Amino acid sequence: MPKLLETREDVELMVNQFYQKIRQDAELGYIFEEVAHIDWELHLPKMYDFWEGILLGTANYMGRPMPPHFRLTTKHTLTPAHFDRWLHLFFENVDALFEGDIAAEAKYRAYSIATIMNQRVQQVNAQISEEN
Ligand code: HEM
């Protein structure tokens, strides 16, 4: 049964389940595991802070979300389809766990950041193909 998204623990649950899905996903899993060789023990706490900041107004995330994705697309092209898939899994995961305003806000913020990130990543891709 979906519940309200209210606490840091809720954010951790959302993030843990989301990356569980991502890791198992045929379209995205290998990008995290085999291209980025992501260290989950570092990545997950960063993502708890990132989402807690956005949804609950705390200020623990001090990073910059965009640059790692620009670097990543130079190693393995990130396409609009990758971003669509990412968002699909994100929405599906939020809906399976939560309901209410903050759950809706999570989906809205994911949608807007993914839209901007995709646009900027596609600019990086275009630059790379001009150079080659
Ligand atoms: C195709 C979609 C995406 C892929 C494949 C992807 C992949 C990755 C990878 C591999 C990293 C780790 C990079 C590193 O540590 O070097 C990362 C970091 C991160 N991603 Fe994504 N990502 C995607 C979309 C998004 C979206 C839409 C958001 C936000 C809504 C997001 C938020 C973040 C944040 C906050 C970090 C941590 C950045 C930092 O180091 O401070 N990602 N992502």
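Let's start at Trp40: setting aside neighbours within four places in sequence, Trp40 is in contact (heavy atoms within 4.5 Å) with Tyr19, Arg23, Phe32, Glu33 and Pro45. The model is a predicted one, where local features need pLDDT of at least 70 and side-chain atom pairs count only at pLDDT 80 or more, while totals for chains, interfaces and linings use all residues. Residues are numbered from 1 along each chain as its sequence is written, and side-chain values use heavy atoms, with hydrogens and water left out.

Trp40 sits in helix H3; helices here are DSSP runs of H or I with at least four residues, strands are runs of E with at least two, and both are numbered from the N terminus. With a relative accessible area of 10%, Trp40 is buried. The term buried means under 20% relative accessible area, exposed means over 50%, and partly exposed is in between, using a 1.4 Å probe and protein chains only. Val11 is 29 residues from Trp40 in sequence, and their C-alpha atoms are 16 Å apart in space.

Beyond residues up to four places away in sequence, Phe32 touches Tyr19, Ile22, His37, Ile38 and Trp40. Glu6, 26 residues from Phe32 in sequence, is 28 Å away from C-alpha to C-alpha.

His37, on that contact list, lies in the loop between H2 and H3. Its backbone deserves a look: phi of His37 is near 45°, a positive value in a residue other than glycine. At 59% relative accessibility, His37 counts as exposed.

Now for the aromatic rings. A search of the whole structure finds 10 aromatic pairs. Rings of Phe, Tyr and Trp (its six-membered ring) pair if their centres lie within 6.5 Å; planes under 30 degrees apart count as stacked, over 60 as edge-to-face, and the rest as tilted. Phe18 and Phe90 have ring centres 5.2 Å apart and planes at 75°, so this pair is edge-to-face. The pair links distant parts of the chain, with Phe18 in helix H1 (residues 8–24) and Phe90 in helix H5 (residues 80–97), 72 residues apart. Both of these phenylalanines, Phe18 and Phe90, are buried. Phe32 and Trp40, by contrast, form a stacked pair, at 5.9 Å centre to centre and 20° between the planes. Ring pairs join Phe18, Tyr19, Phe32, Trp40, Phe50, Trp51, Tyr61, Trp86 and Phe90 into a cluster.

Phe50 and Trp51 bring us back to H3, where they take part in the contact with H6. Two packed helices are described by the angle between their axes and the distance between the axes. Helix H3 (residues 40–56) and helix H6 (residues 101–131) pack at about 115°, with axes 10 Å apart. Here axes are lines fitted to C-alpha atoms, for helices over the stretch in contact, and angles run from 0 to 180 degrees between N-to-C directions. From H3, Phe50, Trp51, Ile54, Leu55 and Leu56 meet Ile102, Glu105, Ala106, Arg109, Ala110 and Ile113 of H6. The residues of this contact divide into nine nonpolar, no polar and two charged. In this scheme Ala, Val, Leu, Ile, Met, Phe, Trp, Tyr, Cys and Pro count as nonpolar, Asp, Glu, Lys and Arg as charged, and the others, Gly among them, as polar.

Also in H3 is Asp49, which counts as buried at 18% relative accessibility. Leaving aside neighbours within four places in sequence, Asp49 is in contact with Arg8, Asn60 and Tyr61.

Finally, let's visit helix H4 (residues 67–75), the place of His69. His69, through NE2 at 2.0 Å, is the only protein donor of the iron atom of the ligand. Donors are N, O and S atoms within 2.8 Å of the metal (3.2 Å for Na, K and Ca); water is not among the atoms, so sites may look incomplete. Phe70 also lies in helix H4 and is buried, with a relative accessible area of 18%. Not counting residues up to four places away in sequence, Phe70 touches Arg120, Val121 and Val124.
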